[in-house]
Amino acid sequence: MLNDIFTISIFQTTVKDWQDHKSELLSMLDEVDVSCNPQSDYGTHHQKKIKPKYTQKLMKVLDSAFCDFEDVFPYYYEIKNLWCQRYKSDQYHEIHNHGALGYSMVFYAQFDKDNHTGTKFIAPFNNWLTGNPIIHTADVDEGDVVFFPSMLLHQCLPVKNKDKDRIIFSLNMNVELPKS
């Protein structure tokens, strides 16, 4: 009998009525650090423990996605921090993770499938037959949301479109396991 003994689960869903909210939410993105690659309000807000002004609107927009996630994720969680990143032409985000514990999320708020790629995830172990890394690139569209374990290595490949930025919102969640 062949058993798969190690699995890593990510959860993907779509924000309902994203186009109805897109213009308003993206117009709130005026406080990004343009010296960062990618441009981000991570340092402006997250590192200073200040909530971005779009927090309430973003959480309202993401409500249906969180409801979908909660249907399959039976643990209590608390949102720790959130931020936005804007990738212009040739910008990328190198391989990184969001810490050892918890879950993270990425929301693809502006995404051109012809010129942008979904997040590339790298397994914490290699293929046992080839020794090569196991890589999964999320197949996403604009308005999609992906939840993933925070410890999972991931990256954004360079953006190829000079006319349309790739804009994502991301957040981290502390997770509390049930007491046994």
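Read along the sequence, the protein chain follows the pattern β-α-β-α-α-β-β-β-β-β-β-β-β, and it holds three helices and ten strands, where helices (H or I, at least four residues) and strands (E, at least two) are DSSP runs numbered from the N terminus. This is a predicted model, in which local features need pLDDT of at least 70 and side-chain atom pairs count only at pLDDT 80 or more, while totals for chains, interfaces and linings use all residues. Residues are numbered from 1 along each chain as its sequence is written, and side-chain values use heavy atoms, with hydrogens and water left out.

For the overall form, the C-alpha trace of the protein chain spans about 55 × 40 × 30 Å along its principal axes. Buried residues (under 20% relative accessible area, with exposed meaning over 50% and partly exposed in between, for a 1.4 Å probe and protein chains only) make up 46% of the 180 residues. Of the contacts (heavy atoms within 4.5 Å) in the protein chain with a separation of 6 or more, 83% are between residues 24 or more positions apart.

Helix 1, residues 18-26, has W18, K22, L25 and L26 as its buried residues. Seen down the axis of helix 1, these fall within an arc of 90° and so line one face of the helix, the arc being that of the directions from the helix axis to the C-beta atoms. They pack against helix 2 (55-61), strand 5 (103-110) and strand 10 (166-176), whereas the face of helix 1 turned away from its buried side carries the exposed residues D20 and S23.

Not counting residues up to four places away in sequence, F147 touches residues including I10, F11, F66, F69 and M173.

Turning to the cysteines, the count of disulfides (pairs of cysteine sulfur atoms within 2.5 Å) comes to zero. C156 is in no disulfide, and the nearest cysteine sulfur, that of C84, is 12 Å away. At 3% relative accessibility C156 counts as buried, while C67, at 38%, counts as partly exposed.
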